[in-house]
Amino acid sequence: MIAPLKDSSIVMTTTLTVTTSTTQYPVIVGAGVLATLGDRLTELGLRGTLWLVADEHLAAVAEQTTTMLQAAGYRVHTITVPSGETSKSFTELHRLYDWMIENGIERRDAVLALGGGVIGDLAGFAAATILRGVALVQLPSTLLAMVDAAVGGKTGINHPLGKNLIGAFHQPRLVLADTNLLATLPPRELRAGWAEVIKHGVIRDASLFTALEDLAATRGWNAAHPAGWNAADAELTTYLTEIIARAVAVKVAVVSNDEFERGERITLNYGHTIGHAIEQLLGYRLLHGECVAIGMDAAARIAVALGLCPPALVERQRALLAAYGLTVTIPDETDHTAILRLITRDKKVQAGKVRWVLPTTIGQVVVRSDVPIEVIEQVLSSSAG
Ligand SMILES: NC(=O)c1ccc[n+]([C@@H]2O[C@H](COP(=O)([O-])OP(=O)(O)OC[C@H]3O[C@@H](n4cnc5c(N)ncnc54)[C@H](O)[C@@H]3O)[C@@H](O)[C@H]2O)c1
Ligand SMILES: O=C(O)C(=O)C[C@@H](O)[C@H](O)[C@H](O)COP(=O)(O)O
Ligand SMILES: [Zn+2]
């Protein structure tokens with residue numbers, strides 16, 4: 001029996017609210033919440049045509065959603081996008097623009113993004129820019145998108161010279177994270193999502209980190225038998241849904257404090273400085289979450305080298321990453337000089353200096369722009385085998 005996270009253990013739907021100086025919107029997490037989409041759009045006053053952009057692997061869900069919205073009286077256009085990071089491209093963006101313009105998109109319409117972070121970022125950027133901006137609704141279908149990508153309004157595409165280099169902040173009007181969709185998510189993609197959940201624990205919520213550790217211990221999860229999603233295990237899915245809601249709460253809190261990354265929001269980039277560089281250098285062979293896990297380990301080791309935290313933090317973070325199926329070894333073929341070159345293009349660079357998000361303890365990070373290059377080189381060349 002797993003101890004409940006809340007007093008009433010069967011909480012199937014959690015509603016959180018992002019509140020910034022420019023907007024306010026609900027983030028709703030739970031099993032089956034997608035079925036409420038039509039009513040929620042109507043409550044929000046979104047009565048124009050809906051432009052549903054769906055990952056190709058969600059084609060069946062897109063069809064059901066389209067039928068449901070049509071039955072609710074909406075005019076709906078639906079398009080599918082090839083899965084994978086390469087769809088965060090000018091080519092796919094252009095294809096979305098063509099589809100919208102040819103079919104007569106209007107300012108009062110809304111774009112619905114159904115998929116993982118790739119679809120959320122791509123369709124979100126299309127929504128941010130078409131007709132100078134139309135409403136956006138995020139319908140995340142991966143763990144990673146539910147806890148991170150769908151919330152907070154970062155949208156964009158990649159440039160051949162770097163990840164996410166072209167984009168816009170465009171907050172959604174609504175985020176509906178239906179955890180039932182996770183039943184079909186491939187295990188590797190689920191594991192990649194855990195990286196951002198664990199990141200949220202390290203940067204801001206020690207009790208989330210501990211809850212993940214306790215769950216892993218209770219279930220006997222480790223590197224050989226890592227966490228999984230088992231739709232037939234109601235107790236597990238209920239508990240995981242609560243964990244997801246807590247991870248979402250971290251993102252909601254950070255974005256509400258700092259919508260445009262002028263301060264605290266930079267902490268969400270923990271693990272991303274080296275992570276993004278590896279992701280790009282390996283031609284997106286490794287998943288975003290997998291690279292973030294490697295980057296978190298490297299950042300923690302930088303923190304140890306600077307005397308900011310004890311080596312035990314690295315070990316504890318590694319053990320948790322392993323229990324959720326994530327490895328931290330920098331792949332052999334990664335060119336360290338190229339990593340060093342790429343991190344100078346990081347969006348966090350200020351006055352020519354890379355700003356590093358580094359842990360001091362589980363639940364707290366600091367930002368440092370004085371990390372000596374020798375420390376980074378040392379950390380890259382001593383990656384765990
Ligand atoms: N905007 C942000 O704040 C933010 C935050 C984190 C990550 N990101 C971006 O998100 C992207 C990664 O997102 P991701 O990990 O969701 O990957 P993804 O969007 O590529 O989806 C992962 C894979 O799972 C498949 N899939 C999605 N949902 C499914 C489902 N329910 N059942 C079966 N298959 C399903 C997809 O077809 C794809 O092959 C990266 O580009 C990253 O840069 C953005
Ligand atoms: O929302 C944010 O802010 C984040 O940094 C979340 C990250 O997990 C995400 O990968 C984001 O896309 C990275 O942003 P970038 O500005 O470094 O491209
Ligand atoms: Zn990320």
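The dialogue below treats the ligands, the annotated residues and a pair of strands.

Tutor: This is a predicted model, in which local features need pLDDT of at least 70, side-chain atom pairs count only at pLDDT 80 or more, and totals for chains, interfaces and linings use all residues. Residues are numbered from 1 along each chain as its sequence is written, while chains are lettered from A and ligands numbered from 1 in the order in which they are written.

Student: Which residues are the closest around ligand 1?

Tutor: A residue is near a molecule if its C-beta atom, placed from the backbone, lies within 6 Å of it. Here 29 residues surround ligand 1, and the closest are Ser83, Gly116, Gly117, Thr142 and Ala149. Helices α4 (117-129), α5 (143-149), α6 (187-204) and α10 each supply at least two residues of this shell; helices are DSSP runs (H or I, at least four residues), numbered from the N terminus.

Student: Which residues does the UniProt annotation "binding site" cover?

Tutor: UniProt positions are given in the numbering used here, feature names are shortened, and annotations may be inferred rather than shown by experiment. The unreviewed UniProt entry places this annotation on Glu196, His272 and His288. They span 93 residues in sequence, yet no two of their C-alpha atoms are more than 10.3 Å apart, so they gather at one spot.

Student: Is histidine 272 buried or exposed?

Tutor: A residue is buried if 20 or more other C-beta atoms lie within 10 Å of its own, exposed if 12 or fewer, and partly exposed in between, with C-beta atoms placed from the backbone. Histidine 272 has 25 such atoms within 10 Å and is therefore buried; this residue lies in helix α9 (residues 272-281). Histidine 288, in helix α10 (residues 288-305), is buried as well, with 24 other C-beta atoms within 10 Å.

Student: How many bridges join strand β1 to β2?

Tutor: Two strands pair if DSSP finds at least two bridges between them, and strands are DSSP runs (E, at least two residues). Strand β1 (residues 13-19) and β2 run antiparallel, joined by 7 bridges. A hairpin through 4 residues connects them. Strand β2 (residues 24-30) has 5 of its 7 residues buried.
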